[in-house]
Amino acid sequence: MKFHFLIFWLFSILGQKALAQANIPTAGNKQQETGNDFPDFDQTLLLETKSDTTANVSFGDLDSDGHLDILLVKGRHWPIIDRVLLGDGAGGIRKSYSLGEIADRSYTGGLADFNGDGFLDIAISNDTPDRKLIYLNDGKGNFTIGSEFGRPEWPTRNLSIADINKDGLPDLILANRGKSPTSNYICLNQGKGKFNSSPIAFASYPATTITPADFNKDGFVDLVVPHRDGGQSYLYPGSPDMDFSDAHRIPFGPADASIRAAAVADFNGDSLPDIVTIDEFKRVNLYFGQNNTQFSAGISLADSHSAPYALAIADLNRDGKMDVFVGHKQAQSKVFYNDGTGLHFKTISFGDSKGDVYGFAIADFNEDGIPDIAAARSEATNVLYFGHVKSKTK
């Protein structure tokens with residue numbers, strides 16, 4: 001079963017696997033020399049001619065030609081039709097078209113082979129009152145609605161993908177942000193791209209992202225659920241019965257968190273997963289995993305005046321250490337290059353200050369051996385930043 005997890009939320013268990021799935025060379029890949037060379041992102045490609053409320057972006061080979069394509073997920077609180085952009089393998093767009101005919105309030109387009117035919121399908125998470133939809137791929141980048149998941153009345157924000165019940169099928173984890181008491185949900189894949197009508201409720205507080213990872217290395221997927229609206233965030237350990245009970249949850253971060261997104265990787269090289277978060281008020285913070293599956297106090301990566309809206313991780317300069325990307329509201333985006341300790345980061349800004357960055361995708365779109373960054377923006381045009389290394393450390 002081929003999974004393609006979103007780089008914005010990771011969606012691998014650890015970062016190196018995510019990079020491999022996104023066709024980004026890692027420290028073990030000889031396509032490019034590793035070292036401390038920091039790419040610049042001065043060369044850009046506008047992905048559309050007009051701005052709207054785009055919420056997210058994903059890379060994946062949607063037409064099975066061996067080159068990466070782009071999915072732009074649009075709407076948020078306003079109905080817009082999502083778009084597919086087919087790449088030519090050299091950094092250009094050879095064709096673009098609407099994903100379907102439905103304008104809806106979308107947040108995430110999760111890519112995975114949901115029906116087992118070997119092609120990447122798309123799960124679209126929609127806010128209330130829109131249906132949450134599975135688009136099935138014919139292998140040539142043509143999509144038709146195959147099924148629904150969850151319930152239209154859920155105030156769903158982003159989704160993530162993982163095999164929760166270990167049956168080899170990609171399941172969906174939905175983050176819901178409601179004004180009244182709400183729950184987040186797991187929708188199990190029943191095969192052929194169909195999802196169960198009895199989703200599993202857990203974590204009864206508002207969230208906008210949920211990150212799957214195996215923290216205790218027991219083979220079961222654990223779920224990082226950041227609190228979005230002024231409360232305590234928790235890690236929910238996985239188990240054979242898929243209980244995700246409040247009785248076993250593990251706190252991390254402050255008791256009054258307003259976290260938009262979290263990502264998981266080993267940032268300090270101790271082989272334990274850590275959590276990095278972007279908080280509306282507390283900005284960017286890193287929480288180190290401990291041997292007892294607890295977490296350290298937060299270490300601030302940035303305490304800027306710019307509100308962080310988007311988060312991604314990748315080893316951008318190929319030194320074997322995971323770096324952090326943050327998009328902002330009406331401010332330049334930033335890369336935090338990790339020295340391997342998780343305590344010291346070199347910060348480099350890129351892009352302009354137009355609009356609000358809501359999502360990133362990171363992969364080698366033009367196939368030159370250097371990762372590129374796609375940014376989904378609200379109230380500004382969506383843009384692709386091509387990575388370029390001016391010099392190499394010998």
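Me: Are Phe 215 and Phe 295 buried or exposed?

Reply: The model is a predicted one, in which local features need pLDDT of at least 70, side-chain atom pairs count only at pLDDT 80 or more, and totals for chains, interfaces and linings use all residues. Residues are numbered from 1 along each chain as its sequence is written, and side-chain values use heavy atoms, with hydrogens and water left out. Buried means under 20% relative accessible area, exposed over 50%, and partly exposed in between, with a 1.4 Å probe and protein chains only. By that criterion, Phe 215 and Phe 295 are both buried.

Me: How many aromatic pairs are there by the rule for rings?

Reply: Rings of Phe, Tyr and Trp (its six-membered ring) pair if their centres lie within 6.5 Å; planes under 30 degrees apart count as stacked, over 60 as edge-to-face and the rest as tilted. The number of aromatic pairs under this rule is 16.

Me: What is the angle between the planes of Phe 215 and Phe 295?

Reply: A pair of aromatic rings is described by the distance of the centres and the angle of the planes. Among the 16 aromatic pairs, Phe 215 and Phe 295 form an edge-to-face one, with 5.7 Å centre to centre. The angle between their planes is 80 degrees.

Me: How many residues apart in sequence are the parts that Phe 215 and Phe 295 tie together?

Reply: Phe 215 lies in the loop between β17 (211-213) and β18 (222-225). Phe 295 lies in the loop between β23 (283-287) and β24 (299-302). The pair therefore ties together parts whose separation in sequence is 80 residues.

Me: What is the centre-to-centre distance of Tyr 309 and Tyr 358?

Reply: Tyr 309 and Tyr 358 form an aromatic pair that is edge-to-face, with 75 degrees between the planes. Their centre-to-centre distance is 5.2 Å.

Me: Which strands hold Tyr 309 and Tyr 358?

Reply: Strands (E, at least two residues) are DSSP runs, numbered from the N terminus. The pair of Tyr 309 and Tyr 358 ties together parts 49 residues apart in sequence, because the two residues lie respectively in β25 (residues 308-314) and β29 (residues 356-363).

Me: Which residue lies over the face of Tyr 309?

Reply: Tyr 309 is buried, with a relative accessible area of 12%. A charge sits over a ring if NZ of Lys or CZ of Arg is within 6 Å of the ring centre and within 35 degrees of the ring normal. At 3.8 Å from the ring centre of Tyr 309, the residue over the face is Arg 260.

Me: How many of the residues of strand β21 are buried?

Reply: Strand β21 spans residues 259-265 and is mostly covered. The buried residues number 7 of 7.

Me: Which residue in β22 stands opposite Val 264?

Reply: Two strands pair if DSSP finds at least two bridges between them. β21 and β22 (residues 274-279) pair in the antiparallel sense over 6 bridges. The β22 residue opposite Val 264 is Ile 275.

Me: Which residue in β24 is the bridge partner of Asn 285?

Reply: β23 and β24 pair in the antiparallel sense over 3 bridges. In β24, the bridge partner of Asn 285 is Ser 300.

Definitions and conventions:
Helix = DSSP H or I, 4+ residues; strand = E, 2+ residues; numbered from the N terminus.
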